[in-house]
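The following account is meant to be read beside the sequence and the coordinates.

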Amino acid sequence: MTTFDFGTEGWRRVSQEVLRIEGAEPMPLVATDPARLCVEVAGGAATQLVVVHREAVECRVECRLDEGARLELVHLFLADAAADVAVTQAAGSRCRTTSVLLAGGRASYRMRLEGAGAESELGGVFFAAGEEHAELDLRTEHLVADCRSDSRVKGIAADDAVCRFGGMVYVAPDAQRTDAQQQSRNILLSDTARIVTRPQLEIYADDVKCSHGATVGQMDSEAILYMRQRGLSEMQARRLQIEGFVGDVVRRCGLEPLCDAVMERVAAKMEQIR
Amino acid sequence: MLSVKNLHASVDGKEILRGIDLEVRAGEVHAIMGPNGSGKSTLASVLAGNEKFTVTEGSVSFLGRDLLSMSIEDRARLGLFLGFQYPVEIPGVTMANFMKLAVNEQRKFRGEEPLTAAQFLKLMREKSAIVELDTKLTSRAVNEGFSGGEKKKNEIFQMAMLDPQLAILDETDSGLDIDALRIVATGVTKLHTPQNATVVITHYQRLLDYIVPDVVHVLYKGRIIYTGDKTLALKLEKEGYDWLINQYGGQ
C-alpha cells in the first residue's frame, strides 16, 4: 500500500457504500480504495468527490446527478487498480471529472447524459513508466438533445510502458444540437514505449457539433531549446515540459493541496524513468 | 565581448554562413540587416547554440571563452540572450515558474544565492513594467494564447529578468503594430547600459528609429558584405540592397 497525504484538514472521509448529498458540501469528500461506492447528488446540490486508489483492487463507482446538480469528481490512481465509473446526469446537471493515472491500472468511464442541458467535462492524464500498463476508456452517451461534453485525455509513456485510450462519443437519434468534443494527446518518452489511442464517434442525429482528434509524438524539441536558451538544463527543461503537460489536466480540478501532492508524485515518478 | 572569426555553418549539408567576421564591444548596439535568406536568423541560432546547425569552420569567443564548445544553457548562463523570432508556447508551464527556474539557474552559475519568493515577485513586478506587460500574463502558461505583440513583449521581459551581457534580438520587430513596436523598442533601449551589448537583427529601418545602432552590417549570402554607421540603415530603407549587392556581393 502506498501512503498518500492530501495535505488537507477537514476533508470528510467516506466509508459507507451509499451516499446522498442534499445540499452544498463545503469540503471535498474522500473515498480511499472503495470496492463499491454509490453517490447521489440531489437537485441543486453540489459536491466534490475524491476517489483514490492505493491498492491494486477492483472498484465500482456509480454517480447519479439530479436536475441541476453539480459534481466535481477527482479520480486518482496510485496503484494498479481497475475502476468502473458510471455517471448518470439529469437535465441541467454538470459533472466535471479529473482522472489521473500515475501507475498502471484501468479506468473506465461511462457518462450518460439523460436530461437536456446536461454537461460532462473530463480531463484525463495517464503517466506510465517501467513495465506499467495503463488503460483509460471513456464512453460518453448523448441520449437527449442539447447536451454538451468535452473530454481531453493526455498520455505519457516512458521506458517499456504500454498505454491505451479508447474514447467513444455516442449521439442518439434524437439528441439534436449535441456539442461533443474529444481530444487525445500523447507523448512517448522512449523508443520502446507504446500508446494506442482510438477516439471514435457514433452519431445518429443530424444537427450536431462533434469533433475529435488524436496526436502521438515526442517531446517538443523547440520548447526544450527555448527553455535551455534561458539557462535551464536539458533535464530541467524536459521535466518542466512533462510537468506542464500533466499539470494542465491536474490543476483544472481546483483542489489545490491535492494538486500539489499529485504534482510531487509526478516529479518523483520522473526521477524513476530509466 | 563577442568576437566572431570566419564563421561557417551549415544545415543538412547546405552551407548558410560562409565566413562571418564580427566584433561587438561592451556598450555597443549593432544592427544586422539583409535580404531574406541571407543567413541572419542562422547567425543568431548558431551563436545561441542551436544544435540543428553544424559549425564547419571558424571561431567565436564570448567574454574570453570559446563559445562554440559550450552548451546552449551554459552560453545563456554566461550572459547570452536570444530573443526568438517565433517565441515558443509551453502549455501548463507558467511564466512565473519558468522565469524563477531560469533566473535561479543563472544565479547558481554565477555562484549567487537563489532569490527568495518575495525578491523574485518584486523583480517580476519591476521588470514587467519596463515593457508594459500585464502582470496577469506572468501567471499564464508561457506564450500560450499570447497575441503576437504580447509574445514579443514577453521576450523583452525575459531579457530584463535575466539581465544578459549580450542580447541578440532576432526580428523582434516582425509582426508588431506601431504601439507594440514603440514599447518593445523603448524597453530594449532602457535595458541598454555601457556594460552590455545588443545585436538587433531586423528587416526594417523603423525599429532603428528607437534603438539607435552604433554599427550597421549587411549580411548577404552568408557573409557580411558591408558595414556602416546608422545612416546606412536609412539609405537601405530608401534604396534597397541592390546597389550593395551589385558592388560587394559578387564574390
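The paragraphs below treat the sheets, the helices, the interface, the cores and some loop residues in turn.

This is a predicted model, in which local features need pLDDT of at least 70 and side-chain atom pairs count only at pLDDT 80 or more, whereas totals for chains, interfaces and linings use all residues. Residues are numbered from 1 along each chain as its sequence is written, while chains are lettered from A and ligands numbered from 1 in the order in which they are written.

Helices (H or I, at least four residues) and strands (E, at least two) are DSSP runs numbered from the N terminus, and two strands pair if DSSP finds at least two bridges between them.

Strand 11 (residues 119-128) of chain A has parallel partners in strand 9 (residues 94-101) of chain A, through eight bridges, and in strand 13 (residues 148-157) of chain A, through ten bridges. A:Cys95 stands opposite A:Ser120, and A:Gly124 is opposite A:Val153. Strand 11 of chain A is mostly covered, with eight of its ten residues buried; a residue is buried if 20 or more other C-beta atoms lie within 10 Å of its own, exposed if 12 or fewer, and partly exposed in between, the C-beta atoms being placed from the backbone. A:Arg13, in strand 1 (residues 12-13) of chain A, counts as exposed because it has 8 C-beta neighbours inside 10 Å. The C-alpha atom of A:Arg13 is 5.9 Å from that of A:Leu29, although the two residues are 16 places apart along the chain.

Chain B contains an open, antiparallel sheet of four strands in the order 2-1-4-5. Strand 2 (14-24) and strand 5 (65-66) of chain B are the edge strands, each pairing on one side only. Strand 5 of chain B is joined to strand 4 (residues 54-62) of chain B by two bridges, and B:Phe62 stands opposite B:Arg65. Helix 1 (residues 40-48) of chain B lies across strand 1 (2-11), strand 2 and strand 4 of chain B, at about 75° to strand 2 of chain B.

How do the two chains meet? Residues are in contact if their C-beta atoms, placed from the backbone, lie within 7 Å, and 17 residues of chain A are in contact with 20 residues of chain B. Helix 1 (221-229) and helix 2 (234-250) of chain A each supply at least two residues of the chain A side; the largest share, seven residues, comes from helix 2 of chain A. The buried residues of helix 2 of chain A include A:Leu240, A:Phe245 and A:Val246.

Helix 2 of chain A is also among the elements that cover the buried residues of helix 3 of chain B. Those buried residues include B:Met95, B:Phe98 and B:Glu105. Helix 3 (residues 95-109) of chain B has 15 residues and should span 21 Å at 1.5 Å a residue, which agrees with its end C-alpha atoms being 21 Å apart; the expected span is 1.5 Å times one less than the number of residues. Just after helix 3 of chain B, B:Gly111 takes a positive phi of about 75°.

A nonpolar core is a set of buried Ala, Val, Leu, Ile, Met, Phe, Trp, Tyr and Cys residues joined through C-beta atoms within 7 Å. The largest such core has 84 residues, and B:Phe81, B:Phe98, B:Leu166, B:Ile168 and B:Val184 touch the most other members. Another core, of 70 residues, lies apart from it and has A:Cys59 and A:Val246 among its members.

Most residues other than glycine have a negative phi. B:Leu63, however, has a positive phi of about 50°; this residue is in the loop between strand 4 and strand 5 of chain B and is partly exposed, with 14 other C-beta atoms within 10 Å. B:Asn143 likewise has a positive phi, of about 60°, and lies in the loop between strand 8 and helix 5 of chain B. B:Asn143 counts as buried because it has 23 C-beta neighbours inside 10 Å.

Definitions and conventions: Two residues are in contact if their C-beta atoms, placed from the backbone, lie within 7 Å. Axes are lines fitted to C-alpha atoms, for helices over the stretch in contact, and angles run from 0 to 180 degrees between N-to-C directions.
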